[in-house]
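User: I have a model open and would like to go through it piece by piece. Can we start with the sheets?

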Amino acid sequence: MPVATDQGTTAENKNPAVIEVRQLCTRFGSHVVHADLDLHVRQGEIYAIVGGSGTGKSTLLREMIMLHRPDSGSIQILNTDIQTLSKAEAHVLRQRWGVMFQHGGLFGTLNVRDNVGLPLREHTDLADTLIDELAAWKITLSGLAPEAGLQYPTELSGGMLKRASMARALALDPELLFLDEPTAGLDPAGAAGIDTLVRSLHELYQSTIVIITHDLDFLWQVSDRVAVLGEGKVVGVGSMAELAEMDHPVIRGYFDGPRGRAAQAQAQTQAGDQQHTRGKPWTQK
Ligand SMILES: Nc1ncnc2c1ncn2[C@@H]1O[C@H](COP(=O)(O)OP(=O)(O)OP(=O)(O)O)[C@@H](O)[C@H]1O
């Protein structure tokens, strides 16, 4: 049985780490959320973070994007220790990643085109016409019709809002993408559309993608490695097939159930006997 380490067991990706979290501790008052949490994300991988409600996934993401300071431990992103940065250095580093927030995070007073163009206005000296053209390109790339650029966030459906948020995350051609529950609240067809979008953007940009998701189909079909959070730590990490071999009670508790088995069966049906779906069914343990 593979050993559950933060480095994972998947042999294929030997790229250097672009995110290294070491001995992370986070508390809110007396409530300990992360206790010596370690995590490594390699360049170019689609790395999912899962775990039960309250296990600290969103807090971890907020810490990685410098919106929350951990109590102790270190976080290196793109070879930079984010806790020692000056304001100016942090500003430069932020240009190298894009974030898609769970609820979109778009400004309601701006239309989609201006929301998408905002990072370009903040971080570059490009002319307005060029910014509008680049925003239009990112809007199209994210699967929205060009007319959506002139709509306001309140005029968009849930799926369109996610795509607009993705377009903004892509504004600066980031090396690293953080996606917080991109399929939450979507119907199955909408969720499948976002899965396809993430996969095609990953192919196009070859970027590293860190994603918080409960979407079992995404985990089986799109992610390279999955880290399971529990007990304040990463209790297991690997491909879904590798996780299916692990006996840890938190891992089995999270995935074992009719929906987990259905997602695995569907992935196996779609992919035949490919490497990433070879794990034993959760029920066999
Ligand atoms: N600003 C805060 N102040 C106090 N407690 C907080 C704060 N932010 C998060 N917490 C607590 O930290 C814990 C982890 O929260 P977090 O939102 O990171 O969990 P999560 O794994 O993302 O949960 P979910 O899957 O439900 O979104 C929870 O118990 C939450 O109540």
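User: What is the strand order in the open sheet of 6 strands?
Analyst: The order is E6-E7-E8-E3-E9-E10, and the pairing is mixed. Strands (E, at least two residues) and helices (H or I, at least four) are DSSP runs numbered from the N terminus. Two strands pair if DSSP finds at least two bridges between them. Before we go on, this is a predicted model: local features need pLDDT of at least 70, side-chain atom pairs count only at pLDDT 80 or more, and totals for chains, interfaces and linings use all residues. Residues are numbered from 1 along each chain as its sequence is written.

User: Which strands stand at the edges?
Analyst: Strand E6 (97–100) and strand E10 (233–238) do. Each has a single partner strand, so one side of each is left without a neighbour in the sheet. From one strand to the next, the twist averages 15 degrees. Angles run from 0 to 180 degrees between N-to-C directions, and axes are lines fitted to C-alpha atoms, for helices over the stretch in contact.

User: How many bridges are there between E3 and E9?
Analyst: Strand E3 (residues 46–51) and strand E9 (residues 225–230) pair over 5 bridges, in the parallel sense. Isoleucine 49 stands opposite alanine 227 in E9.

User: What does H5 touch on the sheet?
Analyst: H5 packs on the sheet and touches E6 and strand E7 (176–180). The direction of H5 makes about 165 degrees with that of E6.

User: Now the open sheet of 4 strands. What is its order?
Analyst: It goes E2-E1-E4-E5, with antiparallel pairing. Strand E2 (31–42) and strand E5 (80–81) are the edge strands, each pairing on one side only.

User: How many bridges join E1 to E2?
Analyst: There are 9, and the two strands run antiparallel. Arginine 27 has valine 32 in E2 as its bridge partner. The hairpin of E1 and E2 has 2 residues between the strands, and glycine 29 takes a positive phi near 65 degrees there.

User: And E1 to E4, how many bridges?
Analyst: 5 bridges join strand E1 (residues 17–28) to strand E4 (residues 72–77), again antiparallel. Isoleucine 19 stands opposite isoleucine 77 in E4, and cysteine 25 stands opposite serine 72 in E4.

User: Switching to helices. At what angle do H5 and H6 cross?
Analyst: Helix H5 (residues 158–169) and helix H6 (residues 188–205) cross at roughly 15 degrees, and their axes come within 10 Å.

User: How far apart are the axes of H3 and H5?
Analyst: The axes of helix H3 (residues 112–123) and H5 are 8 Å apart, and the helices pack at an angle of about 30 degrees. That makes H3 roughly parallel to H5. Val112, Asn115, Val116 and Pro119 of H3 and Ala164, Ala167 and Arg168 of H5 make the contact.

User: Last topic. Which residues are around the ligand?
Analyst: They are Phe28, Val33, Gly51, Ser53, Gly54, Thr55, Gly56, Lys57, Ser58 and Thr59. A residue is near a molecule or strand if its C-beta atom, placed from the backbone, lies within 6 Å of it. The largest share of this shell, 3 residues, comes from helix H1 (residues 57–64).

Conventions. Two residues are in contact if their C-beta atoms, placed from the backbone, lie within 7 Å. Angles under 35 degrees count as roughly parallel, over 145 as roughly antiparallel, 65 to 115 as roughly perpendicular and the rest as oblique.
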